[in-house]
Amino acid sequence: MTTERLPPLNAVRAFEAAARLGTYVAAAQALHVTQPAIGRHVKILEDWLGVRLLDRSSRGVSLTRDGAYYYQSVSQSLRLLADAGMHISRRKPERWLRILCVPAFASRWLTPRIDELRTLRPELKIAIEPNATFTSVDARHADLGISYGFPGEFAGVQALLIRPEVFAVCSPLYRQGLAQDLSVEALAQCRLIHVDNGSWWSSWFTANGVRVRVKADASHVSNDIVLKLAEEGQGIALATEVLVSRQLAEGTLVRCTRHSTPLESYQVLSPTPMLSDDAIWFIDWLKTSLGMR
């Protein structure tokens with residue numbers, strides 16, 4: 001093969017990054033160039049090949065039929081080049097495990113254990129991206145996802161981790177203003193902090209034998225925000241031991257009643273059934289650390 005038959009390699013790298021990451025902005029950040037440069041390189045490659053590779057929209061880019069075929073070959077070829085370079089230079093490639101994670105679990109449980117992960121697997125680098133609304137994992141952006149909900153709500157469930165008890169918490173000062181023996185019925189009349197439109201609290205009351213329809217006057221999307229508001233004395237939030245064990249031990253949060261009940265489960269999602277050795281190891285570590293073994 002002569003070099004005249006090879007496409008411009010900088011253009012190939014720009015196309016591969018844009019296709020893999022889904023936007024010119026992300027591709028520019030990955031390759032440390034400007035966004036217009038990515039666009040120019042992709043246009044050069046399309047002109048060289050005589051076909052359109054990417055469809056552009058306000059949400060990003062997507063592969064055309066020709067682009068999908070070309071991307072598969074290009075990504076494999078670039079990987080071969082990278083592997084060959086690593087082999088002859090005798091350097092080990094960096095291994096990353098990219099994890100999409102519900103925010104409260106990310107900040108209150110997983111991130112405090114990063115040092116433990118580094119000690120157990122020092123050659124593995126971990127990237128954690130908090131996300132409160134994902135229902136599946138895109139392989140271009142993450143290797144695994146840790147969600148909280150019912151299994152039927154998500155795509156690509158690989159493992160059910162734990163279904164923890166859910167209970168009501170507030171700050172010690174806020175608890176002083178409530179009845180000593182607070183009933184579940186009385187709790188429904190208190191200032192409740194919501195992560196949704198009120199359905200999670202309503203489900204909790206129903207599971208504890210009280211039929212009441214709770215409506216939220218404000219929704220905070222993430223349990224992490226809700227629990228911070230509870231610590232600040234803004235009202236009562238729902239929590240699990242997974243999220244507030246440290247706060248309960250330190251006394252920044254207290255339980256409002258003795259009542260608790262399990263609702264949804266933490267679970268691991270994957271974009272593909274074929275898991276890497278690092279992903280399998282991480283799931284096993286999660287199960288062990290959450291007391292499932």
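User: What handedness does the crossing have where H1 passes H2?

Analyst: H1 passes H2 in a right-handed crossing; a crossing is right-handed if the near helix is turned clockwise from the far one by less than a right angle, and left-handed if anticlockwise. One caution: this is a predicted model, where local features need pLDDT of at least 70, side-chain atom pairs count only at pLDDT 80 or more, and totals for chains, interfaces and linings use all residues. Residues are numbered from 1 along each chain as its sequence is written, and side-chain values use heavy atoms, with hydrogens and water left out.

User: Which residues of H1 and H2 make the contact?

Analyst: From H1 come Arg13, Ala14, Ala17, Ala18 and Leu21, and from H2 come Tyr24, Ala26, Ala27, Ala30 and Leu31. Contact means heavy atoms within 4.5 Å.

User: OK, sheets now. What order do the strands E7, E8 and E9 take?

Analyst: The order is E8-E7-E9, an open sheet of 3 strands with antiparallel pairing. E8 (237–240) and E9 (254–262) are the edge strands, each pairing on one side only. Two strands pair if DSSP finds at least two bridges between them. Helices (H or I, at least four residues) and strands (E, at least two) are DSSP runs, numbered from the N terminus.

User: How many bridges do E7 and E8 pair over?

Analyst: Strand E7 (residues 165–170) pairs with E8 over 4 bridges. Ala168, for instance, has Leu238 in E8 as its bridge partner.

User: Which helix packs on the sheet?

Analyst: Helix H10 (residues 223–231), touching E7 and E8. Leu229 lies in H10. Not counting residues up to four places away in sequence, Leu229 touches Ile193, His220, Gln234 and Gly235. The C-alpha atoms of Leu229 and Ile193 are separated by 7.8 Å, though they sit 36 residues apart along the chain.

User: And the whole chain, how many helices and strands?

Analyst: The protein chain has 12 helices and 10 strands. Its C-alpha atoms fill a box of roughly 85 × 40 × 30 Å, taken along the principal axes.

Technical notes. Axes are lines fitted to C-alpha atoms, for helices over the stretch in contact, and angles run from 0 to 180 degrees between N-to-C directions.
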